[in-house]
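This report describes a protein model from its overall form down to single residues. The sequence and the structure come first.

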There are 2 protein chains.
Amino acid sequence: MNFELTRDYVERLREVVEARDEATAVTMLRELHAADIAEIYASLTIEEARFLYLLLEGEKASDVLAELEEDDREEFLRVLPSEVIAEQFIHNMDSDDAADVIADLSEEKKEEVLQYLKDVEQAGDIVDLLSYDEDTAGGLMAKELIRVNENWNIMTALKEMRKQAGEVDEVFYVYVVDDDGILHGTLSLKKLLLATPQQRIKGLYKPDVISVRTNAGSEEVASIMSKYDLVVLPVVDSIGRLMGRITIDDIVDVIQEEAERDYQMASGISADVEPTDSPWMLTRARIPWLLIGLLGGIFVALVISRFETDIKINPQMAFFIPLIAAMAGNVGIQSSAIIVQSIAANTPGIERTARKLAREFLVALMNGVVLGGLIFVYNFFTTDTLALTFTVSLSLFGVIMFASLFGTLIPLLLHKVKLDPALATGPFITTMNDIMGLVIYFLVGRMMYGIF
Amino acid sequence: MNFELTRDYVERLREVVEARDEATAVTMLRELHAADIAEIYASLTIEEARFLYLLLEGEKASDVLAELEEDDREEFLRVLPSEVIAEQFIHNMDSDDAADVIADLSEEKKEEVLQYLKDVEQAGDIVDLLSYDEDTAGGLMAKELIRVNENWNIMTALKEMRKQAGEVDEVFYVYVVDDDGILHGTLSLKKLLLATPQQRIKGLYKPDVISVRTNAGSEEVASIMSKYDLVVLPVVDSIGRLMGRITIDDIVDVIQEEAERDYQMASGISADVEPTDSPWMLTRARIPWLLIGLLGGIFVALVISRFETDIKINPQMAFFIPLIAAMAGNVGIQSSAIIVQSIAANTPGIERTARKLAREFLVALMNGVVLGGLIFVYNFFTTDTLALTFTVSLSLFGVIMFASLFGTLIPLLLHKVKLDPALATGPFITTMNDIMGLVIYFLVGRMMYGIF
């Protein structure tokens, strides 16, 4: 299956759906991956989507359901009877996907769907999983896994594994537990392939396995899996009993969302939005940041109004207001972004704050000298007011120094008090930088115009 | 192995290293994961690092080497003789890690290390891998994998797999090829567990396997693996022969780097820097953006200077310069960020540009009316100049409309001409927004002060 081919295919299927050509659509759906079908859905009208969905067969229908965006899925499930949801969709799903789908249903529908499930073991697994917070290891894990007892020999283990394998989609590791279900290690499939039937598990397995507790946060899970290059991570309860496993594909989403959140924060979007969301949703996601910006702007206007007479006498002072404000903002965001990223990436937190500030101070000094010097040269040759020349370059230097240290300190402080350090790249801090920058500018200006 | 415990351990080891306590360090190293040891390295001085490295045993030494940051690793390898690199480090590595390490060596050292490798098959694999571009599927893949011929039966396959398993670290899938080595499908380990010895592979394997060509870009590989939730992706050559496999842990890094790049772009940092880089590196990464900002600021100053008489007569006009400039920038970045993310996430690109602009127009209209209205009310009650009140609110409305459409259009255009759309969140476009915003502001001002 080639990727370029799939893309063309997607385009063609969309045309077939628009033409309501059932026969061709069924043939095409058979050859498409569930993820591709889900992707097509996002671009269809509700009627087109329903037309296509009804043509899906058995397991593929539930795969597509699991791949749909949460909003689309909820909309879809709302119109289906609980019995259909249970028997046609949930029945074929892994416990983690099933729990995710059921968690989004109304309380009443949740109960109904669970009652309609014929496989009591599956229903039990789902109920167990529903008890965990969505953003914890417990909420992310699937119950399906293969476990063997350390006291078995390979032959017994293989027999038991065959029984368990039926319900597991992909076998990556075999987990080794003791009689109490406590996780002790993993048996790689390589070892299994190389062993003789009579060998005991006890002597074969790798004892030091990295695991997480059910209550570990999803970001912690993500950082452990990416740091140790893990594909699957077993989840244990507080006394070490094996409860489930998390596969990396679920974590890739967490990692992406985390990165997107920081990016959105830096761009002033407050909620998770897609460009295909309704204009109303988009406005709601954007206006809070803009309101803070507006308030900041009003505050800045009040600050500048204190210098009204200075401006009346030297209107050229007004020319460089945007430059000072923009540079304060830029430098502040740069400094914060570097710190935010290092906190997010968990880079050696061992470094002391003092050392970070010292380094930032040096960087600011270099930037300040270069940029302040350049603007000095520019103004020296283009204006005849020496006061303005000195004001702009000296205050630019001061603003760069201030914004750098402020931009470094704020995310560190936010992190210290357990707030999201990415807030530092938001409009609140930027406005603070603007205000301080302009105060510096006008005070320096008053001084310079007094001297020259 | 518990994560919290590991963290404490890391701290303690650092203290042991500082005290040069060899015996304790050796015991502690034995219990630590290579990734943790590599993390400690980043926070040590060169002498401390060397002290610790010499205490590492066999395979762990090469694992740690593979986990080190590229810069640290290069520094380290520079001082080691080629023979040691070959026999102590490369020898124990998977082909993909080995190729990565060797690729960073000088041409001369590269040759030497390859000659010192005793395992000719491994050397051959590495030479093959070195021929691919680093950022392609070929450059990312490892040669180690398990392949079976579709004509074998399970018994033969198991025998062959045992032979191959020796050199493969983790067996996730068994790949099925024909006599020409063309990839035809995968045999899940589950199927293998459930099959009888005489069954033929042909009837057991799953035929439609998603694969990529060796020349596929790393971002394409990342988007395929994350879209289809793959843990391993086989790589084929132009005629479909199985060449290697890419595991998701290598791709997690690509995904993270990609997200970080957009974030850094939005924060005005031009190169990939860590807060632990030297002040000189940090300055170099930040100053280009600031220079553009400075040029923009000078340009803005020139624009405002055209309105010097307006300011002299109505200095209050200057008060709201930062507000207008900041809002133009904020709105523009918000609009661009949403588009940049949707391009990066490959969300249904099927949507037409016209539709995107229409939606953005609606959002801008709502934002413009709300924010313009608020500032109108504020100024109406706090100032006595009706002209100013109308100027600020009308131009704010205009600026929001303009910056929204501009912010949406630019990344789409950049993407169209194959440039990185994230450039739109950089200072160049922000400065353009500033300029247009202030021109609108002063023109509206001139009109209003003419009327009232």
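Of the 452 residues in chain A, buried residues make up 46%. The model is a predicted one. Chain A contains 22 helices and 6 strands. Its radius of gyration is 30 Å, well over the 22 Å that the globule rule gives for 452 residues, so chain A is more spread out than a compact globule. Taken along the principal axes, the box filled by the C-alpha atoms of chain A is roughly 95 × 60 × 45 Å. Among the contacts in chain A between residues at least 6 apart in sequence, 70% join residues at least 24 apart.

The domain assignment divides chain A into domain 1 (3-131), domain 2 (146-247) and domain 3 (279-451). Between the C-alpha centres of domain 2 of chain A and domain 3 of chain A the distance is 53 Å.

**The two chains**

Contacts between the chains involve 105 residues of chain B and 105 residues of chain A. On the side of chain B that touches chain A, 65 residues are nonpolar, 21 are polar and 19 are charged. The interface residues of chain B are, to 100%, also interface residues in chain A, so the copies meet through the same surface. Chain B is superposed on chain A by a rotation of 180 degrees with 0.1 Å of shift along its axis, and the RMSD is 0.2 Å. The two copies are thus related as by a two-fold rotation axis.

A:Met366 is partly exposed, with 17 other C-beta atoms within 10 Å. Apart from neighbours within four places in sequence, A:Met366 is in contact with B:Pro279 and B:Thr283. A:Asn367 is buried, because it has 25 other C-beta atoms within 10 Å and the cut-off for a buried residue is 20 or more. Not counting residues up to four places away in sequence, A:Asn367 touches A:Ile400 in its own chain and B:Thr283, B:Arg286, B:Ile287 and B:Leu290 in the other. The C-alpha atom of A:Asn367 is separated by 8.7 Å from that of A:Met401, 34 residues apart along the chain. For A:Met366 and A:Ala325, which are 41 residues apart along the chain, the C-alpha separation is 19 Å.

**A sheet in chain B**

In chain B, 3 strands form an open sheet in the order β4-β5-β6, with mixed pairing. The edge strands are β4 and β6 of chain B, each of which pairs on one side only. Strand β4 (residues 212-213) of chain B pairs with β5(B) in the parallel sense over 2 bridges; here B:Arg213 has B:Val236 of β5(B) as its bridge partner. On the other pairing, β5(B) and strand β6 (residues 242-247) of chain B run in the antiparallel sense over 5 bridges, and B:Val232 is bridged to B:Thr247 in β6(B).

Strand β5 (residues 232-236) of chain B is mostly covered, as 5 of its 5 residues are buried. In a regular strand the side chains alternate between the two faces of the sheet. In β5(B), B:Val232, B:Pro234 and B:Val236 are on one side, B:Leu233 and B:Val235 are on the other, and all are buried, so that both faces are covered.

A:Asp229 has a phi near 50 degrees, and B:Lys418 has one of about 65 degrees. A:Asp229 lies in the loop between α14 (218-227) and β5 (232-236) of chain A, while B:Lys418 lies in the loop between α21 (386-416) and α22 (427-451) of chain B.

| Residue | C-beta atoms within 10 Å | Class |
|---|---|---|
| A:Asp229 | 18 C-beta neighbours | partly exposed |
| B:Lys418 | 6 other C-beta atoms | exposed |

Definitions and conventions. Residues numbered from 1 in each chain as written. Chains lettered and ligands numbered in written order. Predicted model: local features only at pLDDT ≥ 70, side-chain atom pairs only at ≥ 80, totals over all residues. Domains from an automatic or database assignment. Contact = placed C-beta atoms within 7 Å. Nonpolar A, V, L, I, M, F, W, Y, C, P; charged D, E, K, R; others polar. Least-squares fit on C-alpha atoms with pLDDT ≥ 70 in both. Helix = DSSP H or I, 4+ residues; strand = E, 2+ residues; numbered from the N terminus. Rg over C-alpha atoms; globule rule 2.2 N^0.38 Å. Buried ≥ 20, exposed ≤ 12 C-beta atoms within 10 Å, placed from the backbone. Pairing = 2+ DSSP bridges.
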